[in-house]
Amino acid sequence: MRLCEKCAGVKNTCCIARDVIITPGDIKRIEEVIISKDFYEFRPVSDLEYLVQEDDPNWNIYTFFENGTRRVLKHKENNRCIFLHDMGCSLPGYVRPLVCRLHPFLYNEQGLTGISSDCPVELLDVNEDIYTSIGINTSLAETWRKELYHELFNEYNENRQSMRKAMVS
Ligand code: SF4
């Protein structure tokens, strides 16, 4: 059994009560496979801990909009992600938000920095390594990390340029 399945069996999964940031690329990829377009919203942070990004100073700059909100996946009434069903995430792996795909890797704008302490590595079998168990190696995670920052930075840059144009017109 994979680590994520074991984790889901003993505690809340990482798909409950989280603010899952989504990029314009995530939206485009998800919209290609689902009918409803009503899966994200703009919300202020739900937990002030999200504001602490000491090793990644541009993260908040890239993810906050002018009105103090961030674009995140909607929750259902029970605080579960809108895409979380009884059998797990209902989205195909290749369109899941990049932030979801990268979990439990820790990262910043420069690279991967470790594994989240939320991830119950104590549930791994003896001699089983985490990368094999979650089915993601560091090379794939690094590709997604770069894609994530590329998509966030592009949107931030486009917004900044539109604001500049509005100011001079
Ligand atoms: S999109 Fe899928 S993996 Fe991401 S939080 Fe929602 S249910 Fe979990």
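Student: In which helix does Thr143 lie?

Tutor: This is a predicted model, in which local features need pLDDT of at least 70 and side-chain atom pairs count only at pLDDT 80 or more, while totals for chains, interfaces and linings use all residues. Residues are numbered from 1 along each chain as its sequence is written. Helices (H or I, at least four residues) and strands (E, at least two) are DSSP runs, numbered from the N terminus. With these names in hand, the place of Thr143 is helix H6.

Student: Is Thr143 buried or exposed?

Tutor: A residue is buried if 20 or more other C-beta atoms lie within 10 Å of its own, exposed if 12 or fewer, and partly exposed in between, with C-beta atoms placed from the backbone. Because Thr143 has 12 C-beta neighbours inside 10 Å, it counts as exposed.

Student: What separates the C-alpha atoms of Thr143 and Ser46?

Tutor: Along the chain, Thr143 and Ser46 are 97 residues apart.

Student: Which elements are included in what covers the buried residues of H6?

Tutor: The buried residues of H6 are Ala141, Arg145, Leu148, Tyr149 and Leu152. To speak of cover we need contacts, and two residues are in contact if their C-beta atoms, placed from the backbone, lie within 7 Å. What covers these buried residues includes helix H3 (58–63), H4, S5 and strand S6 (112–115).

Student: Which residues does Leu98 touch, not counting residues up to four places away in sequence?

Tutor: Leu98 has its place in helix H4, and because 22 other C-beta atoms lie within 10 Å, Leu98 is buried. When residues up to four places away in sequence are left out, the residues that Leu98 touches are Thr23, Asp26, Trp144, Glu147 and Leu148.

Student: What is the bridge partner of Phe105 in S6?

Tutor: Two strands pair if DSSP finds at least two bridges between them. S5 and S6 pair in the antiparallel sense over three bridges, and they form a hairpin with four residues between them. Within S6, the bridge partner of Phe105 is Ile115.

Student: Is Gly114 buried or exposed?

Tutor: Gly114 is found in strand S6, and its C-alpha atom is separated by 9.9 Å from that of Thr138, 24 residues apart along the chain. Because Gly114 has 9 other C-beta atoms within 10 Å, the residue is exposed.

Student: The peptide bond from His103 to Pro104 is cis, but what is its omega near?

Tutor: Most residues other than glycine have a negative phi, and most peptide bonds are trans. Pro104 is found in the loop between helix H4 (98–102) and strand S5 (105–107). The cis peptide bond from His103 to Pro104 has an omega near 15°.

Student: Asn79 is not a glycine and has a positive phi, but of about what value?

Tutor: Asn79 is found in the loop between strand S2 (70–73) and strand S3 (84–85), and because 12 other C-beta atoms lie within 10 Å, Asn79 is exposed. Its positive phi is about 75°.

Student: How many residues of the shell around the ligand are nonpolar?

Tutor: A residue is near a molecule or strand if its C-beta atom, placed from the backbone, lies within 6 Å of it, and the residues surrounding the ligand include Cys15, Val20, Leu73, Phe83 and Arg96. Ala, Val, Leu, Ile, Met, Phe, Trp, Tyr, Cys and Pro count as nonpolar, Asp, Glu, Lys and Arg as charged, and the others, Gly among them, as polar. The shell has one charged residue and no polar ones, and the number of nonpolar residues is 10.

Student: What is the radius of gyration of the protein?

Tutor: The protein comes to six helices and six strands, and its C-alpha trace spans about 65 × 35 × 30 Å along its principal axes. The radius of gyration is taken over C-alpha atoms, and the globule rule is 2.2 Å times the number of residues to the power 0.38. For 169 residues a compact globule would have a value near 15 Å, which agrees with the protein's 17 Å.
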